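Please open the model in your viewer, switch to a cartoon view, and keep the selection tool at hand.

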Amino acid sequence: MQLGTDDHDTKSTSQDIHRYMVPIMGLAFTLVFLILAIVLALRPGLHAILRWLGLALCVIETFVLVFFWFNLVWDTAFWLTVCTIFGIYAFLTFERDHLKLFTISAVFNLLVVLGYLRFLGWAGNVLDLVLNLGECKDYYDVTDAAICHGYLNFLQFLAFLLMILQALLALIGYVTYKSVEAENGDSPQLGNSAPARYENIAPATPSYQSQPKYDESYAAPSQD
């Protein structure tokens with residue numbers, strides 16, 4: 001009877017998380033994401049700070065993923081950890097090819113955590129993949145439901161935070177990559193269109209000017 005009550009409490013808490021936490025955190029993330037996108041578009045000079053911002057987010061996500069190593073989604077956590085560690089390497093080296101590869105992996109991982117790659121064998125979104133109470137007791141071999149109850153609530157919060165971090169890394173990775181590419185002269189810098197260099201374009205020479213001038217000394221002799 002106690003187990004049934006615990007299961008009911010866990011389901012109620014999970015419903016409350018989807019009902020309140022997801023909309024509130026989702027709204028806050030939308031505002032931050034929107035402001036960041038507008039600032040980066042209007043102030044290209046701020047791209048210099050993206051290196052350290054991306055590095056900090058990679059470090060934060062790496063520590064968040066530690067909590068997912070101790071449950072049934074450890075394989076997804078393993079893959080994401082490898083990618084975030086490579087992200088730390090990419091932002092430290094600040095090489096164009098490294099940033100390009102990290103950006104591709106960040107977009108791919110965003111689809112993974114959102115559950116859009118089920119056809120490739122990945123499971124659903126991480127928010128719905130956390131353990132239920134029964135699995136928690138069996139997995140950790142515990143009898144105290146309160147331990148699993150609190151752990152699952154905390155894990156659901158981290159799962160949604162992981163989605164937010166992955167989306168931010170996808171945006172920051174792309175903008176940083178394009179900024180480095182522009183500095184290397186491969187493409188125009190973000191937010192600025194490359195002005196046409198008309199002064200370097202030589203004027204076209206008319207075809208008649210390319211003909212040799214008529215020399216009167218070679219005029220045909222007059223006939224008497």
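At what angle do α3 and α4 pack, and how far apart are their axes? Select the two helices: they pack at an angle of about 150°, with their axes 9 Å apart. Here axes are lines fitted to C-alpha atoms, for helices over the stretch in contact, and angles run from 0 to 180 degrees between N-to-C directions. That packing angle makes α3 roughly antiparallel to α4 (angles over 145 degrees count as roughly antiparallel, under 35 as roughly parallel, 65 to 115 as roughly perpendicular and the rest as oblique).

Before going further, a word on what you are viewing. This is a predicted model, in which local features need pLDDT of at least 70 and side-chain atom pairs count only at pLDDT 80 or more, while totals for chains, interfaces and linings use all residues. Residues are numbered from 1 along each chain as its sequence is written, and side-chain values use heavy atoms, with hydrogens and water left out.

**Stop 1: the whole chain**

Zoom out. The protein has seven helices and zero strands, and from the N terminus its elements run α-α-α-α-α-α-α. Helices (H or I, at least four residues) and strands (E, at least two) are DSSP runs, numbered from the N terminus. Colour by accessibility next: of the 224 residues, 37% count as buried (buried means under 20% relative accessible area, exposed over 50%, partly exposed in between, with a 1.4 Å probe and protein chains only). Among contacts between residues at least 6 apart in sequence, 70% join residues at least 24 apart; contact means heavy atoms within 4.5 Å.

**Stop 2: α3 against α4**

Return to the opening pair and show side chains. The crossing of α3 and α4 is left-handed, meaning that the near helix is turned anticlockwise from the far one by less than a right angle (right-handed if clockwise). On the α3 side, pick T76, W79, L80, C83, F86, G87, Y89, A90, F91 and T93; they meet H98, L99, L101, F102, S105, F108, N109, V112 and V113 in α4. By class, this contact divides into 13 nonpolar, six polar and no charged residues. For the classes, Ala, Val, Leu, Ile, Met, Phe, Trp, Tyr, Cys and Pro count as nonpolar, Asp, Glu, Lys and Arg as charged, and the others, Gly among them, as polar.

**Stop 3: α2 against α3**

Select L50, R51, G54, L55, C58, V59, E61, T62 and L65 of α2, which make the contact with A77, L80, T81, T84, I85, G87, I88, F91 and L92 of α3. This contact has eleven nonpolar, five polar and two charged residues.

**Stop 4**

Move on to the loop between α3 and α4, where F94 is found. Its phi is near 60°, a positive value in a residue other than glycine. F94 is partly exposed, with a relative accessible area of 22%. E95 lies in this loop too, and is partly exposed at 44%. Draw a C-alpha to C-alpha distance from E95 to V180: 7.8 Å in space, although 85 residues apart in sequence.

**Stop 5: salt bridges**

How many salt bridges does a search of the whole structure find? There are two, a salt bridge being a side-chain nitrogen of Lys or Arg within 4 Å of a carboxyl oxygen of Asp or Glu. One joins R96 and D97 at 3.9 Å, N to O; R96 is partly exposed at 28%, whereas D97 counts as exposed at 53%. In the other, the closest N and O atoms of E181 and K178 are 2.9 Å apart. E181 and K178 are separated by about one helical turn, being three residues apart in helix α7 (residues 145-183). Are they buried or exposed? Both are buried.

**Stop 6**

Leaving out residues up to four places away in sequence, L169 touches G54, L57, C58, E61, F102 and A106. The C-alpha atoms of L169 and L57 are 7.1 Å apart, across 112 residues of sequence.

Finish at N125, in the loop between α4 and α5. N125 is buried at 14%, and beyond its neighbours within four places in sequence it is in contact with V113, L114, G115, R118 and M163.
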